[in-house]
Amino acid sequence: MKPDLHWTLDDVPWAAFDASKVEPDQLAIVKAAAMVEYNSADYVSYLTNVFHDDPGFVDAARQWGVEERQHGEALGRWAATADPDFDFETRFAVFREGFRPDIDVTESIRGSRAGELVARCMVEVGTSSYYRALGDGTEEPTLKAICRYIAGDELRHYKLFYTHLKRFLEQDNIGTLRRLKLALGRIMETEDDELAYAFYAANNQGEPYDRERNTRAYMRRAYQYYRDPHIEKALAMVFKACGLKPHSRLFQATNFGAKWLLAKRQRELARMAA
Ligand SMILES: [Fe+2]
Ligand SMILES: [Fe+2]
C-alpha cells in the first residue's frame, strides 16, 4: 500500500528556522522524542502480529508506522539543525542497542484486542497533547510548525484506534472499569524505561545510564509545557476511550484532580533539579 501522508518533510518551513529561539530544554526533549518516533517499526511488527488475521487493521498499522517514523525524521532533522553536533543515526543506534520492546508475541500484552486498542488510544492521547503543549510552548517557528503537523497526525491516530476499538468492543466486551484500569496502566508506563532511555541515548555525554535520573530529566522538561487546556482535552479523549461521558461531574472532578497532580509533579521535578 502506498503511504498517503498528510504532510511531508518538504512542507516544513525549514527556512524560517531561528536559532535564537531554540531553548535547551526543548532541544533535549525533541532529540529524545525523535528516537522513540523513529523506532515505530517494532510497534508495527507487534501490532501486525496481534491483529494478524485482520487485513484492514494491518494496512492501517503499516500506514500509522510510516507516519510515526516521519515524526522521528522531522524532529531529528530539526534537532540537527539546532545542534549540528547532534548525530541522529549514531544516537538512534545507541537507543536501539539499549531498548527493544517485546514484539514476538501473537496476543496482546493487554489481554485482548480491545484492551490493546485502549492502550494505543492512550499513547495517542499522550502524544497529541504533548506536541500541542510543546508547539504552544516554543517560540521557534520551525519547531512550532513541526509540532502542529505531528499533533494533527496523533489526533488522527487516536481516532483511527478508537474506530477500531468500537469494533472490537463488540466481541471482547470489556467494560468501563476494565478499560479505565488499562488506560491508567498505560498512562503510568509513560514514566517507564522507553522515554528515559531515549533521553539518555539522545543526550548523554558518555556517563553511564541511570534510569531514575533520566526519567526525571525527561519529565521535568516535558511536563513544564502543559497548561490547563492541554490536560482538559487529553482527559476528554481518555474519557471517550473508556466509554465515559465528558462534561459530567465525574469529568469536572477528574479534571481538577489531574491538574492538581500535574502541578504537584511539576513542582517536585523542579525541586529535585534545583
Ligand atoms: Fe508520533
Ligand atoms: Fe501517533
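This is a predicted model: local features need pLDDT of at least 70, side-chain atom pairs count only at pLDDT 80 or more; totals for chains, interfaces and linings use all residues.
User: Which side chain makes a polar contact with the side chain of Asp153?

Analyst: Look for N or O atoms paired within 3.5 Å. Here the partner is the side chain of Trp7, at 2.8 Å. Leaving out residues up to four places away in sequence, Asp153 touches His6, Trp7, Glu67 and His71.

User: On to the metal. Which residues are the protein donors of the iron ion (ligand 2)?

Analyst: Glu68, Glu124 and Glu154 each give an OE atom, and His157 gives ND1; these donors lie 1.9 to 2.2 Å from the iron ion (ligand 2). Along the chain they're spaced as E-x55-E-x29-E-x2-H. Glu124 belongs to helix H5 (residues 113-137) and Glu154 to helix H6, 30 residues apart, so the pair links distant parts of the chain. Glu124 has 1% relative accessibility, so it counts as buried, and Glu154 counts as buried because its value is 0%.

User: Why is the site of the iron ion (ligand 2) irregular?

Analyst: Start from the ideal: four tetrahedral donors would sit at 109.5 degrees. To count as tetrahedral, all angles must lie between 85 and 135 degrees. The 4 donor atoms here give angles of 95 to 137°, so the site is irregular.

User: How far apart are the iron ion (ligand 2) and the iron ion (ligand 1)?

Analyst: They're 3.8 Å apart, and Glu68 coordinates both.

Key:
Residues are numbered from 1 along each chain as its sequence is written. Chains are lettered from A and ligands numbered from 1 in the order in which they are written. Side-chain values use heavy atoms; hydrogens and water are left out. A polar contact is a pair of N or O atoms within 3.5 Å; within protein, one must be able to donate a hydrogen and the other to accept it, and residues adjacent in sequence count only if both atoms are side-chain atoms. Contact means heavy atoms within 4.5 Å. Donors are N, O and S atoms within 2.8 Å of the metal (3.2 Å for Na, K and Ca); water is not among the atoms, so sites may look incomplete. Four donors count as tetrahedral if all angles lie between 85 and 135 degrees; four count as square planar and six as octahedral if opposite donors are over 155 degrees apart and all others between 65 and 115; anything else is irregular. Helices (H or I, at least four residues) and strands (E, at least two) are DSSP runs, numbered from the N terminus. Buried means under 20% relative accessible area, exposed over 50%, partly exposed in between (1.4 Å probe, protein chains only).
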